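This report walks through selected parts of one protein model. Please keep the sequence and the 3D view open while reading.

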Amino acid sequence: EPERKHDGRLVAREAVARTRGQVLVYDDKPIEAVFHADCGGYTADASQVWNGPALPYLAGGPDDLPASTHRAWTIDLSAAQIRTACNASRSTAVGRRLTNLRVVDRDRSGRVLAIEVQGERTVQLRGEQFRTLLNDAFGPRTIMSTRWTVARTGETDTFTGSGYGRGVGLCQGCAATR
């Protein structure tokens with residue numbers, strides 16, 4: 001039995017076999033069964049991440065796992081790198097300088113809902129939009145989630161966060177520890 005618990009593939013196959021043919025429904029419709037890699041300690045409300053309707057089965061909340069269970073990450077990006085990424089699109093362009101990043105709003109999970117990017121032009125972006133902008137420029141693991149803080153030292157912004165993915169739905173990291 002202990003060996004089975006450690007073989008995640010075997011456990012997953014057995015779960016699939018036990019639930020074959022079953023469909024989860026809400027309000028007489030199949031649910032949107034979404035998942036992410038690691039919630040960082042708190043899942044997010046789908047309505048806040050995707051600006052859609054609030055669905056009770058996709059409401060965020062804290063998990064009961066130790067913080068050390070979750071992926072912690074840090075990355076340093078220069079103001080020039082962030083400026084270049086922002087300037088790649090006319091709608092997010094800040095101009096020839098980037099002077100500050102200011103988190104405008106967070107959800108109850110601590111994820112950034114809105115950030116103001118200040119330069120010659122100031123733009124306000126959704127947290128997930130800013131994450132995508134940086135990940136498109138520097139790779140998919142640059143900003144692993146929107147559950148982060150940022151601190152500027154000189155011309156370097158240090159992002160310190162937890163989790164990986166959007167944080168909506170099933171947290172695979174939490175599920176794997178059960």
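## Helix α4 and what covers it

The buried residues of helix α4 are covered by elements that include β4, β5 (98-106), β6 (112-119), α5 (127-138), β8 and β9, where contact means heavy atoms within 4.5 Å. Helices (H or I, at least four residues) and strands (E, at least two) are DSSP runs, numbered from the N terminus. The buried residues in question are A79, I82, A85 and C86, buried meaning under 20% relative accessible area, exposed over 50%, and partly exposed in between (1.4 Å probe, protein chains only). Because they span an arc of only 130° around the axis, they sit on the same side of α4, the arc being that of the directions from the helix axis to the C-beta atoms.

This is a predicted model, in which local features need pLDDT of at least 70 and side-chain atom pairs count only at pLDDT 80 or more, while totals for chains, interfaces and linings use all residues. Residues are numbered from 1 along each chain as its sequence is written, and side-chain values use heavy atoms, with hydrogens and water left out.

Three strands form an open sheet in the order β4-β9-β8, with antiparallel pairing; two strands pair if DSSP finds at least two bridges between them. Its edge strands are β4 (72-78) and β8 (148-153), each of which pairs on one side only. On average, neighbouring strands of this sheet are turned by 20° against each other, direction ignored. In general, strands of a sheet pair through backbone hydrogen bonds, either parallel or antiparallel.

Strand β4 is joined to β9 (residues 156-162) by 7 bridges, and the two run antiparallel; L77 stands opposite D157 in β9. Helix α4 (residues 79-86) lies across β4, β8 and β9 and runs at about 85° to β4, with axes taken as lines fitted to C-alpha atoms, for helices over the stretch in contact, and angles running from 0 to 180 degrees between N-to-C directions.

## Salt bridges

A salt bridge is here a side-chain nitrogen of Lys or Arg within 4 Å of a carboxyl oxygen of Asp or Glu, and by this rule the count comes to 7. One of them joins R131 to E128, with the closest N and O atoms 2.9 Å apart; because these residues are 3 apart in helix α5, about one helical turn separates them. R131 is buried at 9% relative accessible area, and E128 is buried at 10%.

E128 also meets the side chain of R166 in a salt bridge (3.5 Å, N to O). Since R166 lies in the loop between β9 and β10 (170-171) and E128 in helix α5, this pair ties together parts that are 38 residues apart in sequence. R166 is partly exposed, at 39%. Elsewhere, R152 forms a salt bridge with D157 at 2.7 Å between the closest N and O atoms, a pair in which R152 is partly exposed at 27% and D157 is buried at 2%. A network of salt bridges links R96, R97 and E120.

## Two residues with positive phi

Most residues other than glycine have a negative phi, and most peptide bonds are trans. D27, found in the loop between β1 (25-26) and β2 (29-30), has a positive phi near 55° and counts as exposed at 55% relative accessibility. D28 is found in the loop between β1 and β2, has a positive phi of about 65° although it is not a glycine, and counts as exposed at 77% relative accessibility.
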